[in-house]
Amino acid sequence: MDPSEVEFVAEKEMVTIIPNFSLDKIYLIGGDLGPFNPGLPVNVPVWLALNLKQRQKCRIVPPEWMDVEKLEEIREQERKEDMFTPMPSSHYMELTKLLLNHASDNIPRADEIRTLVKDIWDTRVAKLRLSADSFISQQEAHAKLDNLTLMEINTSRMFLLDSLDCMYKLRTNLLSRGGAPKGHDY
Amino acid sequence: MFVTDIRKEFYDIVVNQRVALLVSLDVDALCACKVLQALFHCDQVQYTLVPVKGWQDLGTAFLEHKEQFRYFVLINCGANVDLLETLQPEEETIFFICDTHRPVDVVNVYNDTQIKLLIKQDDDLGVPSYDDIFRDDEEEGGDQDSGNESDGSSEPSGKRRRFDEGAIERRIERQRARREWEARRREILFDYEQYEYHGTASAVVLFELAWVMSKDTKDMLWWAIIGLTDQWVHDRITHMKYVTDIAALQRHVSRHNHCNEDEDNSLSIDCMRICFEYDLRLSLYQHWSLYESICNSCYTLSTFKLWSIQGQKKLQEFLADMGLPLKQVRQKFNSMDIAIKENLRDVIEESSNKYGMKDIRIQTFGVHFGFKNKFLATDVVHAAAALLESVEKDESGTDNFIKALDCLSRSNLDQLHRGIELAKKKLMAIQQTVASCICTHLILSQGPFLYCCLMEGTPDVKLFSKPLALTLLCKYLLKSFARSTRNKRCKILPLVMAAPLDVEKGTVIVMGIPPECETSDKKNFFGRAFEKAAESTSSRTLHDNFDMSIIELKMQDRSKFLDALVTLLS
């Protein structure tokens, strides 16, 4: 999957906005949205929130977890544990990037949040690399990783699959070659 | 007619329609266009953007688009000429004109249906009242009536003759009154249209529209600031007006700054911050070295007389007086010693007072976003103007327009930096041309004005075939000349400048600017003067530019045109 596809999937997440216009309830294929009244918060998908923000028709309220203290706790938690800790949102990386790029004026202490989320991401991806490395070197048959998000899986997906494939080919070649010389030893 | 409520009478009408935007080629128009585009994007209004260079372009663009569009928005063009006469539009076409050119043509002012002027009425317009210039033709009907009566009546001939005499007397009286009225009308119109000047920047007017609709953003405010600064850089408005408009914009700036930073949670560094600066009048000094900037800025160039050896020495003294080592001063500004940069403005102001430069500092605004990007409004004006008129090969007018428009967005910083480089080249070319003109005494006094003609082979003369660059050159030249000449009378003369425009066609571009004076009101009479001179000598001229004081002329007709101008203005 392309990272932009993962971002596209992440845009379905709901976020709270405060519109400055009024509109009746709208009925979309994915569900109902609204009604929109100026000054009253309403939950909408991120794609709509960003579009309205760019047209200056709303103010985005940062999600609860996008807060400096909470993120610091999560980061400490992640650094302590060997396994992956559950993340506040299954698309935390994409949401952070989208919201901080388009609505950083509505999010307090945006620079610190960006740094904290990057730290958390780095820790988790490092753990993923270590785990993939030990999986291959110990030639395990299967592994179970909890609490990974789609974006993190996507970073290693292509490489892991291709390399396992190559290794399988090499191994089968080795085995078949190991068998053939016996046949030719007359 | 003037639009009183710009939101109801302009924006609410076009928001549901497709509009054609016809934009003139100057930085203020670009900024106004950006503000309007941002508003259109928010409300998803369909528009077509057409850059127009002059009246011919305007006519062509109008003809191309008049089938599809009913609403036309004209930015910085169209107010100072009878638009309906020039374009001959249909009955339903409506023009919204946001233009800084004054005086506004009286037909445009008094037309109620098709022409809407987006101009603030507190700009000192001085439009003559309706009755002074327009008059219903009643007396014709009156004459005929009395004629008919006298014809149709069956009264005795004696009475008829007396009636006839009375009618004839009344008619003569009416005709005399009419001739007087027409003479007065001609005088009023002549006074009104004699001088050309400029009003409030279009970008500021459109920003105020956005503000009224509560849709103003910092980006729009920055564009409004650039529009106003463009008027000041190209010497279109008086210093008084500039300061007043800066104060108005300063209120908006503090409102925006206050809105966003009133808690401890300060904004991300990437957000745009506009701040008021009382900064130096040295062009592009933060993107150049201080020494280069001093050598190439109008104010310092003319005060120190840097084209002479004396001037160079004085400059060295000035730098020594401030305690700035030459090595530091010749370095790129960003790499200068921090200790020197900190107090630079105050140090320069103190020293410049000693050398007779009382106004080395000017009120302006600066913007910074991200850690690296800091720009003053004048920097962006120079960059955009240089991009707009870039004479590099393979670049058409429309390409330049789009590039200049792009450089105003925050996301196109490389375009802006390219513009700054081009602007540096332009300023250096201007400085060299000014130096050579003064040293070779190319500026001659023709009596009522000064005249200077750039020859074909002058280096960088292609740059000066464009109106904005030529304006800057004229301004620098006149200022420097006024300082360097000993002749007291010559100091207060206006300047007419000619530069080659197109070698194959043999045309020159001629431009006139008002005299250099501290309290000048920047009113330019050359527009009308050029028209009359061209008419009287039947020279082959093209009055295509929206500024009437810039015309194209065939090279062969140059001398007779000048003679006519001299006789006209003496």
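**Entry 1**

I began at Pro103(B), which I found in the loop between strand E5 (101-102) and helix H5 (106-110) of chain B. The peptide bond that joins Arg102(B) to Pro103(B) is cis, with omega at about 5 degrees. I note that what I am reading is a predicted model, and I keep that in mind for every entry below.

In chain A I looked up Arg109(A), whose phi is near 55 degrees, a positive value in a residue other than glycine. Arg109(A) has its place in the loop between helix H4 (92-102) and H5 of chain A. I wrote both sites down because most residues other than glycine have a negative phi, and most peptide bonds are trans.

Lys118(A) and Asp122(A) form a salt bridge, and the closest N and O atoms are 3.3 Å apart.

**Entry 1: the three-stranded sheet of chain A**

I then traced an open sheet of three strands in chain A, in the order E4-E1-E5, where the pairing is antiparallel. Strand E4 (42-45) and strand E5 (58-61) of chain A stand at the edges with a single partner strand each, so one side of each is left without a neighbour in the sheet. Direction ignored, neighbouring strands of this sheet are turned against each other by 45 degrees on average.

Between strand E1 (residues 14-19) of chain A and E5(A), which run antiparallel, I have four bridges. For Ile17(A), the bridge partner in E5(A) is Ile60(A). Helix H2 (residues 46-54) of chain A packs on this sheet and touches E1, E4 and E5 of chain A, and its direction makes about 105 degrees with that of E4(A).

**Entry 2: the three-stranded sheet of chain B**

In chain B I followed another open sheet, in which three strands are set in the order E8-E9-E10 with antiparallel pairing. Which strands stand at the edges here? They are strand E8 (273-280) and strand E10 (373-376) of chain B; each has a single partner strand, so one side of each is left without a neighbour in the sheet. From one strand to the next the twist averages 30 degrees.

Strand E9 (residues 361-369) of chain B runs antiparallel to E10(B), and four bridges join the two. Within this pairing I noted that Phe369(B) stands opposite Asn373(B) in E10(B). Helix H18 (residues 377-388) of chain B packs on the sheet, where it touches E9 and E10 of chain B, and its direction makes about 85 degrees with that of E10(B). Helix H20 (residues 413-439) of chain B also lies across E9 and E10 of chain B, running at about 50 degrees to E10(B).

**Entry 3: strands E14, E15 and E16 of chain B**

Further along chain B I looked at the partners of strand E16 (residues 550-554), which pairs with strand E14 (residues 507-513) in the antiparallel sense over five bridges. On the E14 side, Met511(B) stands opposite Ile550(B) in E16(B). Strand E15 (residues 541-542) of chain B also runs antiparallel to E16(B), to which two bridges join it. There I found Glu552(B) of E16(B) as the bridge partner of Leu542(B).

**Entry 4: where chain B meets chain A**

Last I turned to the interface, where 15 residues of chain B are in contact with eleven residues of chain A. The size of an interface is often given as the accessible area lost when the parts come together. The area buried between chain B and chain A is about 960 Å², and carbon and sulfur atoms give 45% of this area.

How many salt bridges are there between chain B and chain A? I have a count of one, formed by Lys57(A) with Asp43(B), whose closest N and O atoms are 3.4 Å apart. The count of residue pairs in polar contact between chain B and chain A, both residues at pLDDT 80 or more, is two. Helix H2 (residues 27-43) of chain B gives the most to the side of chain B that touches chain A, with three residues. The residues on that side divide into five nonpolar, six polar and four charged.

Notes
Residues are numbered from 1 along each chain as its sequence is written. Chains are lettered from A and ligands numbered from 1 in the order in which they are written. This is a predicted model: local features need pLDDT of at least 70, side-chain atom pairs count only at pLDDT 80 or more; totals for chains, interfaces and linings use all residues. Side-chain values use heavy atoms; hydrogens and water are left out. Two strands pair if DSSP finds at least two bridges between them. Contact means heavy atoms within 4.5 Å. Buried area is the accessible area (1.4 Å probe) that two parts lose on being put together, summed over both. A salt bridge is a side-chain nitrogen of Lys or Arg within 4 Å of a carboxyl oxygen of Asp or Glu. A polar contact is a pair of N or O atoms within 3.5 Å; within protein, one must be able to donate a hydrogen and the other to accept it, and residues adjacent in sequence count only if both atoms are side-chain atoms. Ala, Val, Leu, Ile, Met, Phe, Trp, Tyr, Cys and Pro count as nonpolar, Asp, Glu, Lys and Arg as charged, and the others, Gly among them, as polar. Axes are lines fitted to C-alpha atoms, for helices over the stretch in contact, and angles run from 0 to 180 degrees between N-to-C directions.
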